[in-house]
Amino acid sequence: MTRSDWNDLPAEVLEAITRTTGPIRGVRSADLGNHADIASTVAGEHGTLFVKAARKLPDKDGPEVMSLRWEAKVNPFLGEFAPRLHWTVESGGWLVLGFEHVPGRHPDYAPGSPDLGLVAQAVQALQKTPLPAVVDRPVTMRWEGLGDASPMAGTALLHTDINAGNVLVTDRREVRFVDWAFVSHGAPWVEMGQMIPWLLGAGHTPASAEEWLGQFPAWAAADSASIDQYARLHVAVWSRRHQMASAEWIGLYLADVRRWAKHRGVLE
Ligand SMILES: Nc1ncnc2c1ncn2[C@@H]1O[C@H](COP(=O)(O)OP(=O)(O)O)[C@@H](O)[C@H]1O
Ligand SMILES: [Mg+2]
């Protein structure tokens, strides 16, 4: 999905934006991410917003719109863990979300990086957040038809996609999680499992990644057979995805998932 041209937004949407920002001085498209049609910082005379927008289809919600609906639904329950959603506008064939703009950088997940401790603290705090009733999507859905996903079932609030591109670290070293498109509920340790390929991609070995995860009580308490089953199904779901889509990152991601699964001895 390519980012659509900012100028395609209908006048009603621009009005909603400028009500918060005042006359627009500059629009900068985000460097990372690929879900929403628009994900941009809008700087105006009175303020700055982060705007995410997706084009609606006439008959049903496409994946981009569904992702934004999830983000809008869960945001009021996330407190300081996520940028605040100021408003939602649905107009002229678009769904548009106006978020608080969080100035910050992405953390470095490389071995030894001081950012790892910050992120770990935030993930751990997030684990204590009660599951909002609106999050009625089980994480087990993503392995449907691939095997027994019951070890991953549970009632913890899961972001599920804590890659460095979805994390912002502010100047005050506060951590914010963005991109709640895949928010789900499940076993709490699944949140950590989902981070493994990103840790490997940043230079960790499977052993050092698991050692790092050992600091999380949920991961440390998880049944090792459950994690093995997760590793198996994770390989299965990403192999299927790799067959369907050719994006380079999927191949690299799958290679890291497989490297971890081999380390656990669940893959030849
Ligand atoms: N509220 C925000 N304030 C500042 N930057 C943000 C904000 N939300 C997202 N970003 C930046 O925009 C990028 C893309 O946003 P994201 O929500 O991850 O969209 P996508 O669904 O396209 O991945 C993020 O990697 C982050 O750098
Ligand atoms: Mg993203």
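Helices and strands here are DSSP runs, numbered from the N terminus. The model on screen is predicted.

**Stop 1: the two domains**

Select residues 6–100 as domain 1 and residues 115–222 as domain 2. Their C-alpha centres lie 25 Å apart. Where they meet, 12 residues of domain 1 are in contact with 13 residues of domain 2. On the domain 1 side of this contact there are seven nonpolar, three polar and two charged residues.

**Stop 2: the loop at Gly92**

Stay in the first part of the chain and select Gly92. It sits in the loop that joins strand E4 (85–91) to strand E5 (94–100). Beyond its neighbours within four places in sequence, Gly92 is in contact with Pro10, Glu12 and Val13.

**Stop 3: the nonpolar cores**

Next, select Val167, Val190 and Leu199, the residues with the most contacts inside the largest nonpolar core, which has 46 residues. Both domain 1 and domain 2 contribute at least three residues to this core. Another core, of 21 residues, lies apart from it; Ala36, Val42, Leu85 and Val89 are among its members.

Return to Leu199 and show its surroundings. With neighbours within four places in sequence left aside, Leu199 is in contact with Tyr109, His204, Ala209 and Trp212.

**Stop 4: helix H6**

Select residues 206–213, helix H6, where Ala209, Trp212 and Leu213 are buried. The partners of the buried residues of H6 are helix H3 (115–126), helix H4 (190–193), helix H5 (196–201) and helix H7 (217–221).

Now pick out Ala209 within helix H6. Ala209 counts as buried because 25 other C-beta atoms lie within 10 Å, and the cut-off for buried is 20 or more. Not counting residues up to four places away in sequence, Ala209 touches Ile196, Leu199, Leu200 and His204. A distance drawn from Ala209 to Asp179, 30 residues apart along the chain, reads 23 Å between C-alpha atoms.

**Stop 5: helix H9**

Finally, select residues 248–263, helix H9. Its 16 residues should span 22 Å at 1.5 Å a residue, and the end C-alpha atoms are 23 Å apart, which agrees. Which residues of H9 are buried? They are Leu254, Asp256, Val257, Trp260 and Ala261. Seen down the axis, these buried residues fall within an arc of 160°, so they line one face of H9. That face packs against H5, H6 and helix H8 (224–244). On the face turned away from the buried side, look for the exposed residues Glu248 and Gly251. Just after H9, select Gly265, which takes a positive phi of about 80°.

Technical notes
Residues are numbered from 1 along each chain as its sequence is written. Chains are lettered from A and ligands numbered from 1 in the order in which they are written. This is a predicted model: local features need pLDDT of at least 70, side-chain atom pairs count only at pLDDT 80 or more; totals for chains, interfaces and linings use all residues. Domain bounds come from an automatic or database domain assignment. Two residues are in contact if their C-beta atoms, placed from the backbone, lie within 7 Å. Ala, Val, Leu, Ile, Met, Phe, Trp, Tyr, Cys and Pro count as nonpolar, Asp, Glu, Lys and Arg as charged, and the others, Gly among them, as polar. A residue is buried if 20 or more other C-beta atoms lie within 10 Å of its own, exposed if 12 or fewer, and partly exposed in between; C-beta atoms are placed from the backbone. Helices (H or I, at least four residues) and strands (E, at least two) are DSSP runs, numbered from the N terminus. The expected span of a helix is 1.5 Å times one less than its number of residues. The arc is that of the directions from the helix axis to the C-beta atoms. A nonpolar core is a set of buried Ala, Val, Leu, Ile, Met, Phe, Trp, Tyr and Cys residues joined through C-beta atoms within 7 Å.
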